[in-house]
Amino acid sequence: EDAPDAGAAAPAGDASELASAVESLPEIMARKEKLEQHTSVLQAVMKQVAARDVPGFFEVEQRLVSSSRPDKAAVLQQLRDGGKGTLRDRARLLAIAALVDEAPANVEEYERAFREGCAGEGGDSEAVVEGVLRAVRHLRQLRSLQHRGASAEGMGMGGGGGG
């Protein structure tokens, strides 16, 4: 006898659940659309990160900054590969390498590799490349002046004043 009562109550419960689900459908669809938008933005960002080889540049830059001996081959490879990164990515790597590696011959190689990597950029890239190279040379001059000033200051403080 209890079975017919349970059967009668079940359709009423199902109907109210169905009505509730239908009511919340616009909100669920809006949330789904937002999620799809965020997912497409994330996919676009990830494509750019992969296309620019951001992790590769980051790794080489970190090794330059944290190591006592720069990995010249890795720097040259990243700078030469015009298919990886943007002109700005290669310019940043060149600046870091030029400031970290004190050997002028290495810096000249980095500059040549940078030129090679930027050769296919098109547009006014030649002017931009030359501007980047001038800026990097200027940074090296400033760094050299700082080193000279620091060493002169150190000598003046250590040997000058006694009497």
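Reply: In the protein chain, 65% of the contacts with a separation of 6 or more are between residues 24 or more positions apart, where contact means heavy atoms within 4.5 Å. This is a predicted model, in which local features need pLDDT of at least 70 and side-chain atom pairs count only at pLDDT 80 or more, while totals for chains, interfaces and linings use all residues. Residues are numbered from 1 along each chain as its sequence is written, and side-chain values use heavy atoms, with hydrogens and water left out.

Me: How many of the 163 residues of the protein chain count as buried, in percent?
Reply: The share that counts as buried is 21%. Buried means under 20% relative accessible area, exposed means over 50%, and partly exposed is in between, with a 1.4 Å probe and protein chains only.

Me: Why is D89 called buried?
Reply: D89 has a relative accessible area of 2%, and buried means under 20%, so D89 is buried. This residue is found in helix α4 (residues 87-100). Not counting residues up to four places away in sequence, D89 touches R52, F57 and E61.

Me: Why does D53 count as buried?
Reply: The relative accessibility of D53 is 18%; the limit is under 20%, and therefore D53 counts as buried. D53 is in the loop between α1 (2-52) and α2. It has a positive phi of about 55° although it is not a glycine.

Me: Why does E130 count as partly exposed?
Reply: E130 has 31% relative accessibility, which falls between 20% and 50%, so E130 counts as partly exposed. It lies in helix α6 (residues 125-159). E130 and R115 are 15 residues apart in sequence, and their C-alpha atoms are 8.7 Å apart in space.

Me: How do you know that the span of helix α2 agrees with its number of residues?
Reply: The expected span of a helix is 1.5 Å times one less than its number of residues. For the 13 residues of α2 (residues 54-66) this should give 18 Å, and the end C-alpha atoms are 18 Å apart, so the two agree.

Me: What makes the buried residues of α2 line one face of the helix?
Reply: The buried residues in α2 are G56, F57, V60, E61 and L64. Seen down the axis of α2, they fall within an arc of 125°, so they line one face; the arc is that of the directions from the helix axis to the C-beta atoms. On the other side of α2, P55, F58, V65 and S66 are exposed.

Me: Why are α3 and α5 called roughly parallel?
Reply: Helix α3 (residues 72-80) and helix α5 (residues 104-118) pack at about 25°, with their axes 7 Å apart. Axes are lines fitted to C-alpha atoms, for helices over the stretch in contact, and angles run from 0 to 180 degrees between N-to-C directions. Angles under 35 degrees count as roughly parallel, over 145 as roughly antiparallel, 65 to 115 as roughly perpendicular and the rest as oblique. The pair α3 and α5 is therefore roughly parallel.

Me: Which residues of α3 are buried, and which helices do they pack against?
Reply: A74, V75, L76, Q78 and L79 are buried in α3. The buried residues of α3 pack against α2, α4 and α5.

Me: What makes α4 roughly antiparallel to α5?
Reply: The axes of α4 and α5 come within 10 Å and cross at roughly 175°. That angle is over 145 degrees, so α4 is roughly antiparallel to α5.

How values were computed
Helices (H or I, at least four residues) and strands (E, at least two) are DSSP runs, numbered from the N terminus.
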